[in-house]
Amino acid sequence: MTYLSQKYCRLIQPQDDWTHWSEEAEALHGISRGALVTHGQPPRQICADLNKLLVGQTVYSDGWVVDYPWLIKLFDAAKMKMTFTLSPLENILTEQQMEKWHDTQETICAAKECHRHRASSDAELIQSVFMQTQHYSGSTSHHF
């Protein structure tokens, strides 16, 4: 299993037909729709970047049920095909890791003073929790 140390975080310019807007999500992320329109990059650029960065890889998500439909919508807007696979994080977690996940995440987040909710920051936190919980699974075969 390969782990990327490179971060990729971009604002995505909403398309005209993306009419759903969650004020709860806006508050969570601290980004207004206006900021996305003004500072976001077009979906085609984002998708091209993701395809180049992740080609042939399996990417694991702790929110697959939300993230996968969003990626489908994003790549559909870009009229591009994903060159990587998105899979639920649970597919690679052992039962022991799952049992320790929440407590380990809280400990790491408190130490790092997690405040910002961004994809790259969240991914880094998830990777840190995964690595920290590896010893609970008895497996040391993964390299970071």
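Reader: Which residues of H3 are buried?

Author: Pro-43, Ile-46, Cys-47, Leu-50, Asn-51 and Leu-54. Buried means under 20% relative accessible area, with exposed over 50% and partly exposed in between (1.4 Å probe, protein chains only). These residues cover an arc of only 130° around the axis, so they sit on the same side of H3; the arc is that of the directions from the helix axis to the C-beta atoms. Before we go on, this is a predicted model: local features need pLDDT of at least 70, side-chain atom pairs count only at pLDDT 80 or more, and totals for chains, interfaces and linings use all residues. Residues are numbered from 1 along each chain as its sequence is written, and side-chain values use heavy atoms, leaving out hydrogens and water.

Reader: Why do residues three or four places apart point the same way in an α-helix?

Author: An α-helix has 3.6 residues a turn, so residues at that spacing face the same way. Here, H3 (residues 43-54) reaches 16 Å from its first C-alpha to its last, close to the 16 Å expected at 1.5 Å a residue. That expected span is 1.5 Å times one less than the number of residues. Helices (H or I, at least four residues) and strands (E, at least two) are DSSP runs, numbered from the N terminus.

Reader: What covers the buried residues of H3?

Author: The cover includes strand S1 (58-61) and helix H4 (64-78).

Reader: And how should I read a nonpolar core?

Author: In soluble globular proteins, nonpolar side chains tend to be buried together. A nonpolar core is a set of buried Ala, Val, Leu, Ile, Met, Phe, Trp, Tyr and Cys residues joined through side-chain atoms within 4.5 Å. The largest one in this model has 14 residues, of which Ile-46, Leu-50, Leu-71, Leu-74, Phe-75 and Phe-84 touch the most other members. H3 and H4 each supply at least two residues of this core. Apart from it lies another core, of nine residues, including Ile-108 and Phe-130.

Reader: Is Ser-87 buried or exposed?

Author: Ser-87 counts as buried, because its relative accessibility is 11%. You'll find Ser-87 in strand S2 (residues 85-88). The side chains of Ser-87 and Asn-91 make a polar contact of 2.8 Å (a pair of N or O atoms within 3.5 Å; within protein, one must be able to donate a hydrogen and the other to accept it, and residues adjacent in sequence count only if both atoms are side-chain atoms).

Conventions:
Contact = heavy atoms within 4.5 Å.
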